[in-house]
Each structure stands twice: as structure tokens, then as C-alpha cells.
Amino acid sequence: VGERLEKPPAVGGRTATEALQTALAAVRPSLDVAKEARVILAIENAAERLGDTEHVGGTLDEVEDALGALGAAEPEAPVGWTFDISHALLAHHGDANAVKAAVPALLPSLVHLHINAPHLNIRERGWGDRHEAPAEDDRDVWDLLRLACTSARFRKFRTVTYEVLWMAALLRPVLGGSRLREVVHGYELVRRVATQALGSLDVGEPLPYTADAPQPAPGTIGSGSPEPVLGIKGT
């Protein structure tokens with residue numbers, strides 16, 4: 001846990017470092033049990049839904065410190081990272097470039113993705129993380145999904161939670177969510193982008209992150225739409 005976590009005291013007089021150390025102490029006893037059970041504890045980057053920037057564990061450098069302290073760099077470590085794309089954008093004030101710059105250091109630990117579309121203008125829209133369906137113009141979501149697919153560890157698990165609510169129109173202004181047809185369409189977009197990225201077959205727009213990307217077999221290029229490769233779980 002580095003000095004970069006030293007922020008002004010939070011509620012209750014704790015610094016961000018102290019709060020994170022408390023959380024790590026609570027997690028450590030479970031690591032041996034997880035390893036013996038051959039499961040992975042996935043640490044998710046958090047975001048306070050009303051935009052509280054002092055919420056510890058929101059920025060990706062804090063998550064990086066936590067994973068490092070838990071030994072996530074080891075290839076068979078029983079701890080990894082759940083990348084919540086909306087949380088990351090909200091915690092970094094909608095600055096997708098800042099998120100893209102921070103993600104590569106965490107890719108070796110990535111085991112799980114959470115995907116939905118955030119509202120970044122919190123003052124106008126109320127809740128920031130409203131679990132709404134992504135659309136074609138949510139470019140930051142798709143860029144970050146493609147970036148996540150370059151993780152070798154993620155490609156081993158290919159575990160995605162499509163974290164979108166189906167909500168009735170009258171309740172949407174209060175609780176968020178999307179209409180059913182938008183939920184279904186967003187799901188298909190996630191499958192399409194992830195399948196293309198994982199297979200290096202994104203012919204419409206070149207995969208922007210290729211350092212760790214899988215290479216397609218010569219016979220698959222231009223052979224049409226690939227078969228779905230993700231077993232995506234919906235909520």
C-alpha cells in the first residue's frame with residue numbers, strides 16, 4: 001500500500017490508507033481457504049453512486065495497491081480483479097483516457113467483467129450508476145471492453161456479468177434501468193464486441209490494444225460472424 005493513498009481523513013477520522021488496510025486484513029484470512037477450494041476472490045473497483053470521490057477503492061490505483069498487497073501478481077493467486085467499467089468511469093469523473101492509462105497495470109489480475117452504461121452527468125441524472133443498457137454510441141464502454149479482452153487471465157475465464165436492469169417506464173427516472181428491447185440489444189452488442197475482440201476479428205474497427213491479444217488462425221479471417229464465445233450471465 002503506497003503513499004499515493006494518503007488522502008485527508010475520511011469519515012470517522014480514518015485516512016484512505018487506514019481504511020484500505022482494514023479491508024485487506026479482513027480479506028487475507030480467506031485467501032488460503034480460497035486457494036484450497038480452487039476458487040478466486042475477485043476484488044471489484046467500487047464507485048459511490050452519488051459521486052463521492054473519497055470512496056476508497058474507486059480509483060484504479062487504489063485497486064492496484066490492494067491487489068499487490070494480496071499477492072495477486074502470482075500466476076495462480078487465489079485473488080483477482082473484477083473490472084466494473086461504469087464504476088471506473090464514474091470514479092475517474094468520466095475521463096476515459098485516465099481509465100485506459102490505469103487499466104494495463106491491472107490486466108494480469110483481471111478475471112471478471114461487469115458491464116453496463118453509466119450516466120456521467122450526475123447532477124442532471126441523479127444516480128450515476130443506473131445499470132442501463134449500453135448502446136452503439138457508448139464508445140468508452142466498448143473501448144474498455146476491448147482493452148479488457150487483451151488480458152491473458154481474463155481470456156482463460158471469460159466471465160462477464162451483464163449488469164443491466166429492466167425497468168418500467170414510470171419508475172425509470174427514480175430507479176434507472178432500460179426498456180426491455182434496449183436490454184436485449186445491449187446484450188447482443190456486448191456479445192458481438194467481446195467475441196470479435198477475443199477472436200481478433202474486429203474488422204469494422206481495428207482492435208486498439210494488441211500487445212497481449214490472441215492471434216486468429218489464418219482460416220478464420222473473413223469467414224463471417226464468429227460463434228459466441230462468452231457464457232454471459234445477466235442480472
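How exposed is Arg-179, in terms of relative accessible area? Arg-179 comes out partly exposed, at 34%. The views below go through the salt bridges of this predicted model, and a search of the whole structure turns up four of them.

**View 1. Arg-179 pairs up with Glu-182.** Here the closest N and O atoms sit 2.8 Å apart. Glu-182 is partly exposed, with a relative accessible area of 25%, and Arg-179 is partly exposed too, at 34%.

**View 2. Lys-100 reaches Asp-143 across two helices.** The salt bridge between Lys-100 and Asp-143 has its closest N and O atoms 3.1 Å apart. Lys-100 belongs to helix H5 (residues 96–102) and Asp-143 to helix H7 (residues 139–148), so this pair ties together parts that are 43 residues apart in sequence. Both Lys-100 and Asp-143 are buried.

**View 3. Asp-143 also bridges to Arg-146, within helix H7.** For this pair, the closest N and O atoms are 3.5 Å apart. Arg-146 and Asp-143 are three residues apart in helix H7, which means about one helical turn separates them. Like Asp-143, Arg-146 is buried.

View 4. Asp-143 is one of the shared partners, forming salt bridges with Lys-100 and with Arg-146.

Terms used:
Residues numbered from 1 in each chain as written. Predicted model: local features only at pLDDT ≥ 70, side-chain atom pairs only at ≥ 80, totals over all residues. Heavy atoms only, no water. Salt bridge = Lys/Arg side-chain N within 4 Å of Asp/Glu carboxyl O. Helix = DSSP H or I, 4+ residues; strand = E, 2+ residues; numbered from the N terminus. Buried < 20%, exposed > 50% of the residue type's maximum accessible area, 1.4 Å probe, protein only.
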